[in-house]
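Colleague: I am new to this structure and would like to know what stands behind the terms used for it. Please show it first, and then I will ask.

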Amino acid sequence: MDSLIPALENHLPILQVIVPLLIAPFCMILGSRRLARGIMVLTAGIMLAITLGLASLTLQQPVITYDLGGWAAPWGIEYRVDMLTVFILFTINLVHMLASVFCLGRQDGNLGTAARPAFYTAWLLCIAGLNGMVVTNDAFNVFVFLEISSLATYTLISCGREPLALLSAFRYLVAGAVGATFILLSIGLLYMQTGTLNISDLSRVIAERGSDRTIILALAFFIIGVGVKCAVFPLHDWLPNAYRFAPDSVTVLLSGTATKVALYVLIRFLHDLFGADFGFAEMPLDMVLVVTAIFGLLLVPFIALRESNLKRMFAWSSVAQVSYIVMGIGLGTRLGIEAALLHLFNHAIVKTAIFMAVGIIIARTGTARIRHLGGMAHRHRFASCIMLFGGLSLIGLPGTVGFVSKWVLVTAVVDKGWWWLAIPILAGSLASAAYVWRIVEIMWTKPAVLKPEAPAARLHWVEWLPLSVLAGLALWFGLNASLITGLASSAALGLLNPGG
Amino acid sequence: MITPATAVFIPFLGAILVVAAGNRASRLRNHSLVATGCVNLAVLIVIALDRGSHAEAQVLLETLPGLRIAFHVEPLGLIFALTAGLLWPVTSMYAIGYMEACRDEHRTRFHALFCVAVGSAMGVAFAENLFTLFLFYEILTFSTWPLVTHNRTPEAVSAGRVYLGVLLTTSVLMFLLAVVVVGNFGDTLSFRPGGVLGSLGPSATTVLLLLFVFGIGKAAVMPFHRWLPNAMVAPAPVSALLHAVAVVKAGVFSILKISVYTFGFDSLESVLRHELIMWIPAVTILLASTIAMKQDDIKARLAYSTVSQLSYIVLGALLANQLAMVGSTLHITMHAFGKITLFFCAGAIMVFANKKYVSEMNGLGRAMPWTFGAFLVASLSICGLPPTGGLWSKWYLAMGTLERGQMGLLAVLMVSSLLNLYYLTAIPFRAFFLGGDVDRGFLENRASMVAALVTTAAISVLLFFFASDLAGLVTEIKT
């Protein structure tokens, strides 16, 4: 045992990916749904433990590299773990852990007959792919893992009970395939010009030979491709229906992980591959990202305000919230990235909690129509209060995590000298208040529309436990954000000054 | 150990007690409500007597570097907290009687949210920095929304929408923006005597001042006053304590505190070269008084009267001299006692006589002598006539305008007082002297409600004699 732990320690980066990848087929092979569920939660726990292990390693050594199969970079595939990686890994594996527990719920309102063991295989493949995209330092490997997670995601979404789930999965497949192809084209162009796929190596070569039209084209292809996966306005078209028709537990998982990892890839490629000088000084990327973000955060809330379905309304809200993250990334400064990372984490936990609460209500009432929500607050107090609390955080009121990240974002725009951006940020908060309060008003003040369901379904521990953990985290980080801000800050610093 | 945080948390604790007791143990709930109020008042008095030892900021949490949840004790906040703290147990007694008389089903929710609102008003009073102030300001907004929509009728819900819409829009778009500006360009978010805006130019300071004056929507400076008349759909105790004392006074108090401790008089001087700014509250004073004259609904009339009186305090804050500051602070207290009495009376008339329009008041005086007597005393206090406390606040405010050399503003104050006299005393006048031949018998059959309104009216008179102590407290501030 004493020799096993140090031996494992050196292989943690690959274990983060390989464990779910290897375990995934067993869910199907064993053929039992109960076993598959157990395996899934166990794997989620192991993955979170591996992440924590990696986190403790990065405290001693800021950058951990791992050569796959012993082949040294740039020829072999290299895995690379630094503070930023750990930050994202922690976010997605925490959400995954809680989402897996939530997935155990006996009644998943939207999960149709497809709750076969294969569902859990797709689930694990999805999270394996996402983890792979985060730890790998190889551009082509990013694409491979992107495809693994995307294909698994299409499967998961199509498991929804309503027939339209198939259509929305297909539409996501088309959009996702276009996005992935753009990324592949970008990587292909880069390989053509530089002859390497290792991200650090690519960055070195690009910095040495300077940019040319091909590299610019590669950047353009990359931004569009990854923009689709992030659901950046106006490339968000696939997201609302995918979230709406996916099984509730899948929505919970995706909202906290999939778009977040795509955003991570955006940050990583912009700073580590293309280089901040190329993207922000040579190319007007800051303007492009900030302007799309402004449109996103101001326009999307009005779409959400007219939405008639609760799940799709919060999906629109995700599109709006991604805009804040994109704005932070677009600033290109250390504070901007810090704000983006903070908002990424905060939004992951808050939106996951909201979708869990929505799932609980759907499982009880069988409907997600907003006009059916009348009086629901008095019947499902816990879920409604969580939704209210999450909504306040989406608005960004003081005392919630949403306030902390928006405050840092506003500080970042002032720091860059673009203080006028504070006005759209605050206006966006106000616009989100409109759609959040529309729901609150219906749930708390309108008379009940539906007959009370019989028998009154009590909350199962797999429902309230993950929700309470998320709500507790959101509350704590809203009041005392020094820990998470410190992590985001050092991650941003590590990204911009890899040397010191 | 008694600290300002204690005074902030006791009402929140009271809310928990109220919920725990619930509708089933309604007596226990009512007793704990009043007891919490009394304990809170005792704590406030101890803090007031021992204020020298609380000068240091008490930091509870540091959300981010520079964003602290912290409390401190200074004279302005102390006077606001004492005013609200003294009126809270009185209002609790009144509210218990009123809600019983109305046979309301959601009393527990009502009383609990009431406690939360008072707690956040305490938070605003003792806030050591703009972040804490903003935090409790927003808790106050959200905790009073269910009280405004308490009846769940369509008009209550739509009034709630206006309420939240105006307060949230102003606070997020302007107040928060102003806080961001202070956080990034000022020295600190904390309140410091003399101000923290040393490096900001005059034009930027002017814009910032306007952001605060309009952004603090609870001060109801026109054109952002519409939420207040709308909020009158709430039960009478809410209008009484929250929309005459806690909520609106939290607004004007914030403006006063910010003008004294964030801007400082020197900074304000540089802004005041634009005299137009001082005319913003002056216009509100006159317009609101004029509108109040035309209201037949008694609560709407009182609401517009409140809008007008709030701008007296804003005006005092903008005059930037010590006399006006004393006047503003005194007016927070004097107007609170006067206006809460008026709202108590309006509620009592509603419950006892089932009347809500001024034109229906004729001849009610004989059936409700205590109510209309208290109404008359409180009206005198609002108008600023002896022997009531209202005289002193208007006196200091008038002196403040003279010190600034603004005869026009002095005239505004005087004209508005005359208007007050007309539209407020008209009500007891109708009750006592018009249509007196109708004999309705004695209607005031709920002792707790009558006791409450007589108490507040009596305190309005007592304040006439003790105003100098309060004024002395305010002059402790080093400006």
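Colleague: Which residue stands opposite B:Leu64 in strand 2 of chain B?

Modeller: B:Leu67 stands opposite B:Leu64 there. Before going on, note that this is a predicted model, in which local features need pLDDT of at least 70, side-chain atom pairs count only at pLDDT 80 or more, and totals for chains, interfaces and linings use all residues. Residues are numbered from 1 along each chain as its sequence is written, chains are lettered from A and ligands numbered from 1 in the order in which they are written, and side-chain values use heavy atoms, with hydrogens and water left out.

Colleague: What makes strand 1 and strand 2 of chain B a pair?

Modeller: Two strands pair if DSSP finds at least two bridges between them. Strand 1 (residues 58–64) of chain B and strand 2 of chain B have five bridges, in the antiparallel sense, so they meet the definition. The two form a hairpin with two residues between them, and B:Gly66 in the turn has a positive phi of about 90 degrees. Strands here are DSSP runs of E with at least two residues, helices are runs of H or I with at least four, and both are numbered from the N terminus.

Colleague: Why is strand 2 of chain B called mostly covered?

Modeller: Four of its five residues are buried. Buried means under 20% relative accessible area, exposed means over 50%, and partly exposed is in between (1.4 Å probe, protein chains only).

Colleague: How do you know that B:Arg68 and B:Glu128 meet in a salt bridge?

Modeller: A salt bridge is a side-chain nitrogen of Lys or Arg within 4 Å of a carboxyl oxygen of Asp or Glu. For B:Arg68 and B:Glu128 the N to O distance is 3.3 Å, so the pair qualifies. B:Arg68 lies in strand 2 (residues 67–71) of chain B and B:Glu128 in the loop between helix 4 (107–126) and helix 5 (130–148) of chain B, so the pair ties together parts that are 60 residues apart in sequence. B:Arg68, at 24% relative accessibility, is partly exposed, whereas B:Glu128, at 6%, is buried.

Colleague: What makes strand 1 of chain A a strand with a covered and an uncovered face?

Modeller: In strand 1 (residues 64–67) of chain A, A:Ile64 and A:Tyr66 form the covered face, and A:Thr65 and A:Asp67 the uncovered one. In a regular strand the side chains alternate between the two faces of the sheet. Strand 1 of chain A pairs with strand 2 (residues 78–81) of chain A over four bridges, in the antiparallel sense. A:Tyr79 is the bridge partner of A:Tyr66.

Colleague: Why is helix 14 of chain A called largely enclosed?

Modeller: It is largely enclosed by the rest of the structure because 31 of its 32 residues are buried. One residue in helix 14 of chain A is A:Glu338, which is buried at a relative accessible area of 5%. Contact means heavy atoms within 4.5 Å. Not counting residues up to four places away in sequence, A:Glu338 touches A:Val408, A:Thr485, A:Ala488, A:Ser489 and A:Ala492.

Colleague: How do you know that the reach of helix 14 of chain A is close to what is expected?

Modeller: The expected span is 1.5 Å times one less than the number of residues. Helix 14 (residues 334–365) of chain A reaches 46 Å from its first C-alpha to its last, close to the 46 Å expected. Just after this helix, A:Gly366 takes a positive phi of about 75 degrees.

Colleague: Why is chain A called as compact as a globular protein of its length?

Modeller: The secondary structure of chain A comes to 20 helices and two strands. Its radius of gyration is 22 Å, close to the 23 Å that the globule rule gives for 500 residues, so chain A is as compact as a globular protein of that length. The radius is taken over C-alpha atoms, and the rule is 2.2 Å times the number of residues to the power 0.38. Buried residues make up 64% of the 500 residues in chain A.
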